[in-house]
Amino acid sequence: MSIRHGLLALLSSGPRYGYQLRVEFEASTGATWPLNIGQVYTTLSRLERDGLVEPVGADEQGRVVHTITEAGREELARWFSTPVAQTDRPRDELAIKVAMAVAGGVDVAEVIHTQRMATMRALQELTKAKRAAAGGLAQRLVLDSLIFKAEAEQRWLDHCEAVSKEKNR
């Protein structure tokens, strides 16, 4: 998810100032994607430059409040209606690491073991966070996604281990 589209989505339900957007973004993603306040204001400036948001004044404390424009709503609708392609996602550093361990003659079993332990700890933390989550459906769905990804990573590591053992026989 791009920060740009996340902020547009939040603004689609009403005007907000930068800090509100940061807090709501982090709450919606279960604090799994922390935002630097500078990122929020830089992104708001770009959205304004592109005609997707506009300032609508300031609140009683002098904070600039932004609202989404019609062009912003159209951009947001386009984003929601476009599936995320596998090629749009960042490279899988773990897959690259395992491949390089195999190619480089590194102890693949040790690389897999180290990652498995880290993934298990992450899975435990995510499960704990889900149980403690006071947020709404958005937060729960983000945490579920991260849990499912960690579980899939564990299955993939099992597969890598099995394949590398077969190769070494």
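Student: Is the crossing of helix 2 and helix 3 left-handed or right-handed?

Tutor: The crossing of helix 2 and helix 3 is right-handed; a crossing gets that name if the near helix is turned clockwise from the far one by less than a right angle, and is left-handed if anticlockwise. Helices (H or I, at least four residues) and strands (E, at least two) are DSSP runs, numbered from the N terminus. This is a predicted model, in which local features need pLDDT of at least 70 and side-chain atom pairs count only at pLDDT 80 or more, while totals for chains, interfaces and linings use all residues. Residues are numbered from 1 along each chain as its sequence is written, and side-chain values use heavy atoms, with hydrogens and water left out.

Student: At what angle do helix 2 and helix 3 pack, and which residues make the contact?

Tutor: Helix 2 (residues 18-28) and helix 3 (residues 37-49) pack at about 115°, with their axes 9 Å apart; the axes are lines fitted to C-alpha atoms over the stretch in contact, and angles run from 0 to 180 degrees between N-to-C directions. Gly-18, Tyr-19, Leu-21 and Arg-22 of helix 2 meet Ile-37, Val-40, Tyr-41 and Leu-44 of helix 3, where contact means heavy atoms within 4.5 Å. By class, this contact has six nonpolar, one polar and one charged residues, with Ala, Val, Leu, Ile, Met, Phe, Trp, Tyr, Cys and Pro counted as nonpolar, Asp, Glu, Lys and Arg as charged, and the others, Gly among them, as polar.

Student: Why is Thr-67 called buried?

Tutor: Buried means under 20% relative accessible area, exposed means over 50%, and partly exposed is in between (1.4 Å probe, protein chains only). Thr-67 has a relative accessible area of 15%, so Thr-67 is buried. Thr-67 is found in strand 3 (residues 64-68), and, leaving aside neighbours within four places in sequence, Thr-67 is in contact with Pro-15, Leu-52, Val-53, Glu-54 and Val-56.

Student: What makes helix 1 largely enclosed by the rest of the structure?

Tutor: Seven of the nine residues of helix 1 (residues 3-11) are buried, and therefore helix 1 is described as largely enclosed by the rest of the structure. The buried residues are Ile-3, His-5, Gly-6, Leu-7, Leu-8, Leu-10 and Leu-11, and they pack against several elements, including helix 2, helix 3 and helix 4 (70-81).

Student: Why is the pair of Trp-79 and Phe-80 called tilted?

Tutor: Rings of Phe, Tyr and Trp (its six-membered ring) pair if their centres lie within 6.5 Å, and planes under 30 degrees apart count as stacked, over 60 as edge-to-face and the rest as tilted. The rings of Trp-79 and Phe-80 have centres 4.9 Å apart and planes at 50°, so the pair is tilted. A search of the whole structure finds one aromatic pair. Trp-79 counts as partly exposed because its relative accessibility is 26%, whereas Phe-80, at 57%, counts as exposed.

Student: How do you know that the charged end of Arg-63 sits over the ring of Tyr-17?

Tutor: A charge sits over a ring if NZ of Lys or CZ of Arg is within 6 Å of the ring centre and within 35 degrees of the ring normal. The charged end of Arg-63 is 3.8 Å from the centre of the Tyr-17 ring and sits over that ring.

Student: What makes Gln-139 buried?

Tutor: Gln-139, found in helix 7 (residues 137-167), has 15% relative accessibility and therefore counts as buried. Gln-139 and Phe-25 are 114 residues apart in sequence and 10.0 Å apart in space, C-alpha to C-alpha.
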